[in-house]
Amino acid sequence: MKDFIAGLPKCELHLHIEGTLEPELKFELAARNGLELPYATVEEMRAAYTFDSLSSFLTIYYEGMRVLRTEPDFYDLAMAYLRRAAEQNVRYAEIFFDPQAHTSRGVPFDVVIRGLRRALLDAHAQLGVRAQLIMCFLRDFQAEYAMATLLESLPYKEWIVGVGLDSDEKGNPPAKFAAVYERARQEGYLLTMHCDVDQDDAIEHIRQAVEEIGVDRIDHGVNILEDQRLVEVVLARGTGLTCCPVSNGYVTDSMKAEGIRKLMDLGVRVTVNSDDPAYFAAYVQENIEALHDALQLSREELARLQRNAFEITWLPRHVKDAYLTEIDAYLS
Ligand code: HPA
Ligand code: ZN
């Protein structure tokens, strides 16, 4: 099964590029930028990754990305991820980036997006892996800052397929960003947002995301199982859920494998993704393997998870169909 998973054409839809920053690259960028790190070695740094909740993870995540300063830093970050993705037979990725995590510490928006964009173009040409960018707003900052970031992104609209919402969900409901999302929709961006696992008011947040904001996808969102009516709404709309089992195991009490199984059985377009692989020590392949270890999925079910993913991508129909044909060919 491990070989079967390795060869399966894959799609990654929940991946924070800043969460792919491996300790080795952190040291390299710190040296390049003349910065001191509070750890002597890669092993010491990894040993400090001791989070057990979303907020304790986020503290380490934001601290880690301070080494990202220049356009080549962002290029190297994205290129390193895309190389790993290509090795795991990821054929297509929609990649989150957090511009406010950089602009808030003085790194200009255009430095971030130009570096990322250049890597996406080179990776497509050199590695055959295709990717698009999703710009996330940080929900623990004010809505006005998100709106300013949205306006700042408009000259780069052709390089950004949609918007997302991440960071600390506690006390930061989707409705706080209703006006930002409305404007993003008017500008032609597609819409997703995090509804993280086991948060306070999880169901109310999912309801706002689906009914008030009208998102195309939900990132995580397994708590939807607690509300039959909302499950029916996402089934009727074909809304996709981008789940991240290994990440769930770090920030909650479990991988939520049974929940993912249930969503599959209900026919919800659920997918398996890696979230922050440098911190959770699992890229998409290891996430699929972990879910398979928990659920003993069949080949057809493993392929279905990838079909779901390509189906809910923000790609034109004929491009989706070409990837779905690759999966059919692989299965037969
Ligand atoms: N949830 C919220 N914010 C994040 C995450 C996540 O899983 N990863 C990086 N920022
Ligand atoms: Zn995430």
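Residues are numbered from 1 along each chain as its sequence is written, and chains are lettered from A and ligands numbered from 1 in the order in which they are written. Because the model is predicted, local features need pLDDT of at least 70 and side-chain atom pairs count only at pLDDT 80 or more, while totals for chains, interfaces and linings use all residues; side-chain values use heavy atoms, without hydrogens and water.

A cavity is a set of points, on a 1 Å grid over the protein atoms alone, where a 1.4 Å probe fits but cannot get out; lining residues have an atom within 4 Å of a point. Searching the whole structure gives one cavity of 30 Å³ or more. The volume of the largest cavity is about 120 Å³, taken as the space filled by probe spheres set on grid points joined across faces, edges and corners. Its lining has 15 residues, with His16, Leu54, Phe57, Leu58 and Asp276 nearest the centre. Helix α4 gives the most to this lining, four residues.

Ligand 1 sits in the largest cavity, which means that more than half of its atoms lie within 2 Å of the cavity's grid points. The residues around ligand 1 (a heavy atom within 4 Å) include His16, Tyr61, Asp166, Ser167, His194 and Asp275. Helix α4 (residues 54–64) supplies the largest share of this shell, four residues. Helices are DSSP runs of H or I with at least four residues, strands are runs of E with at least two, and both are numbered from the N terminus.

Polar contacts are pairs of N or O atoms within 3.5 Å. A nitrogen atom of ligand 1 lies 3.2 Å from a polar side-chain atom of His16. A backbone N or O atom of Ser167 is 2.8 Å from a nitrogen atom of ligand 1, and a side-chain N or O atom of Asp275 is 2.8 Å from an oxygen atom of the ligand. Alone, ligand 1 exposes 260 Å², and the protein buries 99% of that (Shrake-Rupley method, 1.4 Å probe).

A pocket is an open set of points with protein on both sides within 12 Å along at least five of seven lines. The largest pocket has a volume of about 220 Å³. Among its 13 lining residues, Arg117, Leu120, Arg130, Ala131 and Gln132 are closest to the centre. The second largest pocket, of about 180 Å³, is lined by 15 residues, and Asp216, Arg237, Gly238, Thr239 and Gly240 lie nearest its centre.

Technical notes:
A polar contact is a pair of N or O atoms within 3.5 Å; within protein, one must be able to donate a hydrogen and the other to accept it, and residues adjacent in sequence count only if both atoms are side-chain atoms.
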